[in-house]
Amino acid sequence: MDLTDEATRWAYANPYPAAIATATITAALAVAAWRVGRALSAMNRPPAAVLIASFAAAACTAYSADTSWRFAAHRLGMTDHSERLAMFAAAEIALLACGLLARANKKATAAADGTAGTPGVPGALVWVITGVQIIPAYAESGVVGGTVRAVIGPVLAGLLWHQAMGLELRIIRPGALSTGLPAQIARALRERLLSRLGLAVRDRTAEQISRDRALSRAVRLGSRRRLRGWGSRRLAAAVARAHVATDPVQRQRLMLELAARRGATELNTIALPSAWDPPQPPAQPRTPVALARQQLTEMHPLDAVRRVHAAHPDAHPAALASLLTEHGVVVSEQQVRVAIGAGNPPAAPRPDAPAAAAELPGALVLDITTEPEVHPEVRAPAFAIAADQRRDAVHARIPECASDTGRTHGDEAGPDAPDTGQPEPSAGRSGGDPDELPADLIERARALGRPASLRTLQRELRIGQVKAQRLQDLTREG
């Protein structure tokens with residue numbers, strides 16, 4: 001108070017220096033507050049959930065400290081306030097220190113291997129200290145009050161410190177799993193419990209779970225040698241509930257599992273090689289044929305074909321394919337031709353070719369000859385009953401040499417004569433007699449222009465190819 005009074009009197013006595021000092025101190029505090037604010041805004045703050053969990057853990061640690069304060073006075077004989085103040089909160093400080101060390105350890109291991117990390121030894125010490133702190137709670141308040149003090153104090157403090165550390169890392173890595181000892185024990189117990197309840201296989205409906213349980217019960221009852229009335233009824237109910245009659249998959253599973261369970265006693269009689277015997281080397285072929293077979297089967301089929309072809313260069317591809325098949329390399333004749341570059345085999349003659357028509361048994365061969373006129377019996381054909389005729393094929397054969405007369409008459413048959421596009425044999429393109437052609441036909445051909453094409457002459461004059469060639473020669477010469 002004396003120092004404050006002296007400062008006040010000095011300020012009244014020296015107003016200007018006091019005002020300058022006050023302004024300087026205010027500016028310094030403002031700058032410091034601004035710098036602290038910027039540092040706090042720039043730093044990577046933990047999420048709000050982590051901050052609240054840490055605050056709750058600190059409050060529970062203080063609740064446990066109150067129990068330790070009372071226990072130090074009543075049970076430990078620390079009556080001096082300074083001594084008690086220095087030593088009562090040793091366990092709480094150690095709990096806080098172990099929690100921070102476990103948090104740092106989890107962060108370090110998570111950054112190293114990409115998992116959720118493990119708290120290590122500090123995490124285990126947190127639970128040890130929590131267990132020891134339960135003793136003062138019961139010693140001070142009995143069973144009921146001690147339970148409240150133990151749960152709200154050390155137990156809840158340890159759990160909140162653990163949740164705060166794990167929550168922070170789960171937010172950073174959502175898919176990471178904790179590798180700590182309590183987490184591994186909890187996962188193993190959970191998996192064993194689900195397996196015991198028949199829920200280990202996921203993605204199954206309740207109906208499928210009931211079917212699988214009924215199937216297991218049916219296998220267990222069906223493997224017994226004798227069943228009384230109650231057992232028979234249970235077996236029938238299990239088979240019906242497993243839907244074995246309507247589901248082929250369930251029926252196959254039932255038969256396989258039942259056969260395996262009934263034949264389980266045969267496992268003692270199965271002869272197995274000893275695990276201590278040295279492995280036997282594969283048997284080596286002793287004969288040249290066996291050696292060649294082994295070498296060819298180990299090669300690529302095309303390489304094997306080329307190797308055999310090099311040994312038998314004059315062999316037919318079919319013979320090479322047969323030889324390779326005998327040595328264990330199954331290839332076709334076409335594959336052999338591709339490997340050795342022999343090309344495709346020559347095409348076989350078609351059975352409907354005219355040259356081979358006479359060689360076919362039971363074939364009917366017709367010799368066709370062109371005639372100037374159509375026969376009357378062809379103009380009015382009559383029905384022929386051919387049900388009792390047995391002919392495999394009917395072939396038409398046109399003579400190679402046809403008379404020019406027939407061709408001429410065929411040309412004069414009309415404009416519907418087929419145009420083959422090839423010049424027909426004649427006495428000569430320029431040696432035809434112009435007296436054989438009508439004069440008006442020659443004039444009409446000349447009126448079409450010089451020289452007119454064969455198709456134009458045939459179409460406009462409605463004549464055949466031979467006459468068109470003669471008219472073309474005459475118009476070209478004239």
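Is H243 buried, partly exposed or exposed? In this predicted model, H243 has a relative accessibility of 29%, so it counts as partly exposed. The cut-offs explain the label: buried means under 20%, exposed means over 50%, and partly exposed lies in between.

H243 also has a backbone feature to look at. Its phi is positive, about 55 degrees, although H243 is not a glycine. The residue sits in the loop between α9 and α10, the latter covering 248–262. Helix α9 comes before H243 in the chain. That helix covers residues 229–241. Its length can be checked. At 1.5 Å a residue, the 13 residues of α9 should span 18 Å, and the end C-alpha atoms are 18 Å apart, which agrees.

R462 has a positive phi too, near 55 degrees, and R462 is likewise a residue other than glycine. It lies in the loop between α18 (454–461) and α19 (465–477). Its relative accessibility is 55%, so R462 counts as exposed.

Now step back to the whole chain. It holds 19 helices and 2 strands. Of its 478 residues, 23% are buried. The chain exposes about 34,100 Å², and carbon and sulfur atoms supply 60% of that area. Take the contacts between residues at least 6 apart in sequence: 60% of them join residues at least 24 apart.

C60 gives a local view of contacts across the sequence. This cysteine is in helix α3, residues 48–74. Its relative accessibility is 9%, so C60 counts as buried. Leaving aside residues up to four places away in sequence, C60 touches I152, G153, L156, A157 and L160. Take L160 from that list. It is 100 residues from C60 along the chain, yet the two C-alpha atoms are separated by 8.7 Å.

Next, a pair of helices. Two packed helices are described by the angle between their axes and the distance between the axes. For α13 (residues 317–326) and α14 (residues 333–340), the axes come within 8 Å and cross at roughly 110 degrees. That makes α13 roughly perpendicular to α14. On the α13 side, the contact is made by P317, A318, L320 and A321. On the α14 side, E333, V336, R337 and I340 take part. What kinds of residues form this contact of α13 with α14? They divide into 6 nonpolar, no polar and 2 charged. E333 and R337 are the charged ones, since Glu and Arg count as charged.

Terms used
Residues numbered from 1 in each chain as written. Predicted model: local features only at pLDDT ≥ 70, side-chain atom pairs only at ≥ 80, totals over all residues. Heavy atoms only, no water. Helix = DSSP H or I, 4+ residues; strand = E, 2+ residues; numbered from the N terminus. Buried < 20%, exposed > 50% of the residue type's maximum accessible area, 1.4 Å probe, protein only. Contact = heavy atoms within 4.5 Å. Areas by Shrake-Rupley, 256 points an atom, 1.4 Å probe, with all protein chains shown as cover. Axes fitted to C-alpha atoms, helices over the stretch in contact; angles between N-to-C directions. Parallel < 35°, antiparallel > 145°, perpendicular 65-115°, else oblique. Expected span 1.5 Å × (residues − 1).
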